[in-house]
Amino acid sequence: MFTGILLYQRFSEYELSVLLSVLHQSDKKVIYIGLDEQVVKGEAGLKCVPETTIHEVDLKMLDSIVLPGVDDFEHLVEHQELAAFLVSAYDNKRVIAAISSAPYLLSMSGLLSEKKYTSGLTVDQRNFLGTFNEDNYVETHVVLDDTIITAKGSAFIEFAFVFGDRLQLNYQREWYGLGGLDI
């Protein structure tokens, strides 16, 4: 089984850094999924070539999906193909994790309507977008609600650990030099 990493223009590379390391340490297979076949440029300029697309990936080979945040997600607002992909991927078994602004993508897809969540988006931004259930918002770094993981962008290390633990991956937290950090 693979973890699918979604790549879209202006994704936040740093939010994936520790998560990719955790996946690598545990020998977890990864596949990079684009919205289309185009080269994707992250917010810091890293160019990435998706291995497949949301239209072509075989969901049966994925046990998890990760959505990085994006510094300007106007091109993803109401992205119907992405929303349809996320809806088809959600089966209450597959772990779906979104960090920073990416919980919006889960919200626009209807996947957060009954889930507790957090986000890097402010309450004003969430209200403006009009897809979030504010009653389920939790003011914390990372929220795990069954198979959905959400996090603030600054909590990218905790996000990686919660993801790794939820998938029961074998990795070494101490390798990240966090000492007594209890997460």
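Author: Two strands pair if DSSP finds at least two bridges between them. The model shown is predicted.

Reader: In which sense do strand 7 and strand 9 pair?

Author: Strand 9 covers residues 148-151, and Ile99 stands opposite its Ala151. Strand 7 and strand 9 are joined over four bridges, and the sense of the pairing is parallel.

Reader: Which residue in strand 9 is the bridge partner of Asp145?

Author: Strand 8 (residues 142-145) pairs with strand 9 over four bridges in the antiparallel sense. The two strands form a hairpin with two residues between them, and Asp146 in the turn has a positive phi of about 65°. Within strand 9, the partner of Asp145 is Ile148.

Reader: Is Thr118 buried or exposed?

Author: Thr118 sits in the loop between helix 3 (103-108) and helix 4 (123-129). Residues it touches include Val138, Val142, Thr150 and Ala151, and its side chain reaches the backbone oxygen of Val138 at 3.0 Å. Buried means under 20% relative accessible area. Because the relative accessibility of Thr118 is 0%, Thr118 counts as buried.

Reader: Why do the buried residues of helix 2 line one face of the helix?

Author: The buried residues of helix 2 (residues 80-89) are Leu82, Ala83, Phe85, Leu86 and Ala89. An α-helix has 3.6 residues a turn, so residues three or four places apart point the same way. The buried residues of helix 2 pack against strand 1 (2-7), strand 6 (62-67), strand 7 (95-99) and helix 3. They line one face because, seen down the axis of helix 2, they fall within an arc of 160°.

Methods. Residues numbered from 1 in each chain as written. Predicted model: local features only at pLDDT ≥ 70, side-chain atom pairs only at ≥ 80, totals over all residues. Heavy atoms only, no water. Buried < 20%, exposed > 50% of the residue type's maximum accessible area, 1.4 Å probe, protein only. Polar contact = N/O pair within 3.5 Å; in protein donor to acceptor, adjacent residues only side chain to side chain. Contact = heavy atoms within 4.5 Å. Arc of directions from axis to C-beta.
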